[in-house]
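Me: I'm new to this structure and would like to learn how to read it. Could you walk me through it, one feature at a time?

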Amino acid sequence: MRPSSSDGQGYGHHDEGLEDGFANWQIPATHFGQSNFAETGRTMGMESKLSSPGFREINMGFMRMCSMSSSPPGSRRFINVTGFPFPLGPALERKTIRKELIPGSIWSFEQEQGLAGTTVSTNVRMTVVKTSRRSLWIHAPIAPTEECVQLLRELELPVEAIVNPTYAYEHRVFVPSFSRRFPTAKVYSVRGWSFPLPLPDSLLGIDVEAYLDERERIPWLDDFDYELLPVSFIGLAPYTEAAFFHRRTKTMITTDLFIKVSEMPPEVIPEAKLEALGNPDSFLASLVRGSATDPPRNIPSNVLGWMRMTTLALFLGPSSLLDPRSAFGSISGRLTVSPVLRVLVFGKIRSSVQRWTEKIMSWPFDKIIPAHFDAPVRAGPEDMRNALTCVIQGRPDGVGEADLKNLRGINHVLRSLGIVKEEEEYM
């Protein structure tokens, strides 16, 4: 694997203009985010009110503020204020690292992703595949900064397909702005873009060529097979995900279905965040001073910071955040299902997940590329079956119940409030 990152010497200045600059502004809660105020108003029949000089001036001023058109070549700047009630970070800049996962065939583009205003982050991955038509197939696009676009153009192949594989907000939020950077590429997506209002795709700034449940309209099936987890409403929002199989390289590409956590942090996570979270004399340590557990002092602070960061993200807080080694050890170094996903999502739709994954396990894959943490993961169908026992059969897989306490508590509160149902009610 050969990592690459822009050194600031851009591929070429790209001037999207004010409207495309606005496409990078993500409006909280509503998820509109990809068209300017005037477009939204016209769609809603308010054109007369929005045609006044005063409103036009406000609209253009707001778009100038959000525009990336003045960004220097190789810039990492991308304004992203979004994700109510959990705003995604970083809000202003995102470094991109490109790695060649399979020589000449598949590349990983990684950026930092976290909870804005906190030190909790992980990597998020866009997977890029060279097709038999000598074009690029994009899975789960990330923020299209100048640096990201430059690194993609260095592959010297046209972008043909942009695929949104999930309803999960953090993976679909950049599809509209990414597709604007590659206007000849076609967008293919799962259903369920707009919630709770069924807004048209055009209002969300996207032009979907075909939905993934319309298999007869998908033109890249010579290179890929795929299977869809049917849309399930779990609480307040739907959940769906597609898994893909690239035939030539025997690679399965997923979003959140699996993870493999390394003992060392991803390169894209800022060292300062890791050090701050892992310092044994940090504010975090002072909060729980006097507890029965002392902070470990024989671990480098960046590694301890990574352990705390990961267990905060995957357990929403393990049994001991001061010394997270037990919780981290239970989910690191192996193919597994994220604890937060298994308790709050998959545990409620076991039958659907089982039917979906049984189809996936018929593929002869020998590696998996998830959208977070390590990749590629050397694994085949039997490894996948073992990793799913905690979901399908509810069997323990080494993760301690004490570390799942917060997730179980959140699940109990959601059930008590009637926001989510018991598992059998989803069958």
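Reply: Happy to! Let's begin with an idea we need for strands: two strands pair if DSSP finds at least two bridges between them. In this predicted model, Ser108 stands opposite Thr127 in S5. Strand S4 (residues 106–115) and S5 are joined in the antiparallel sense, over 9 bridges.

Me: Which strand does S5 join through 4 bridges?

Reply: That is strand S6 (residues 136–139), and S5 and S6 run antiparallel. Val128 has Ile138 as its bridge partner in S6. As for burial, strand S5 (residues 121–130) is mostly covered, with 9 of its 10 residues buried.

Me: What should I know about side chains along a strand?

Reply: In a regular strand, side chains alternate between the two faces of the sheet.

Me: How much of the whole chain is buried, and how confident is the predictor?

Reply: Of the chain's 427 residues, 57% count as buried. The mean pLDDT is 80, and 74% of the residues reach 70 or more. Take care over residues 7–71, where the pLDDT is below 50. That stretch has 120 contacts in the model beyond near neighbours in sequence. The secondary structure of the chain comes to 16 helices and 14 strands.

Me: In what order do the strands of the open sheet come?

Reply: This sheet has 5 strands in the order S10-S11-S12-S13-S14, with mixed pairing. Its edge strands are S10 and strand S14 (377–378), each of which pairs on one side only. Strand S13 (residues 367–369) is antiparallel to S14, and 2 bridges join them. Lys367 stands opposite Arg378 in S14.

Me: Which helix lies across S10, S11 and S12?

Reply: That is H13, which runs at about 175 degrees to S10. Helix H13 (residues 350–360) has these buried residues: Ser352, Val353, Trp356, Thr357 and Ile360. Viewed down the axis of H13, they fall within an arc of 120 degrees, so they line one face of the helix. Their cover includes strand S10 (224–234), strand S11 (237–246) and strand S12 (251–253), along with helix H14 (381–387) and helix H15 (389–392).

Me: How do I read two helices that cross, and at what angle do H8 and H10 do so?

Reply: Look at how their axes approach and at the angle between them. For helix H8 (residues 271–278) and helix H10 (residues 301–315), the axes come within 7 Å and cross at roughly 85 degrees. That makes H8 roughly perpendicular to H10. Residues that meet there include Leu274 and Leu277 in H8, and Leu304 and Trp306 in H10.

Me: Which residues of H8 are buried?

Reply: They are Leu274, Leu277 and Gly278. These cover an arc of only 90 degrees around the axis, which puts them on the same side of H8.

Me: Is Phe373, which has a positive phi, buried or exposed?

Reply: Phe373 counts as buried, at 6% relative accessibility. Its phi is about 65 degrees although it is not a glycine, and Phe373 lies in the loop between S13 and S14. Arg134, in the loop between S5 and S6, has a positive phi near 55 degrees. Arg134 is exposed, with a relative accessible area of 52%.

Me: And what does Val340 touch, leaving out residues up to four places away in sequence?

Reply: Val340 touches Ala313, Leu314, Leu316, Val345 and Leu407. Its place is in helix H12 (residues 339–344), and at 22% relative accessibility Val340 counts as partly exposed. Val340 and Phe315 are 25 residues apart in sequence, yet their C-alpha atoms are 5.8 Å apart in space.

Conventions: Residues are numbered from 1 along each chain as its sequence is written. Side-chain values use heavy atoms; hydrogens and water are left out. Buried means under 20% relative accessible area, exposed over 50%, partly exposed in between (1.4 Å probe, protein chains only). The arc is that of the directions from the helix axis to the C-beta atoms. Contact means heavy atoms within 4.5 Å. Axes are lines fitted to C-alpha atoms, for helices over the stretch in contact, and angles run from 0 to 180 degrees between N-to-C directions. pLDDT is the predictor's confidence in each residue, from 0 to 100. Angles under 35 degrees count as roughly parallel, over 145 as roughly antiparallel, 65 to 115 as roughly perpendicular and the rest as oblique.
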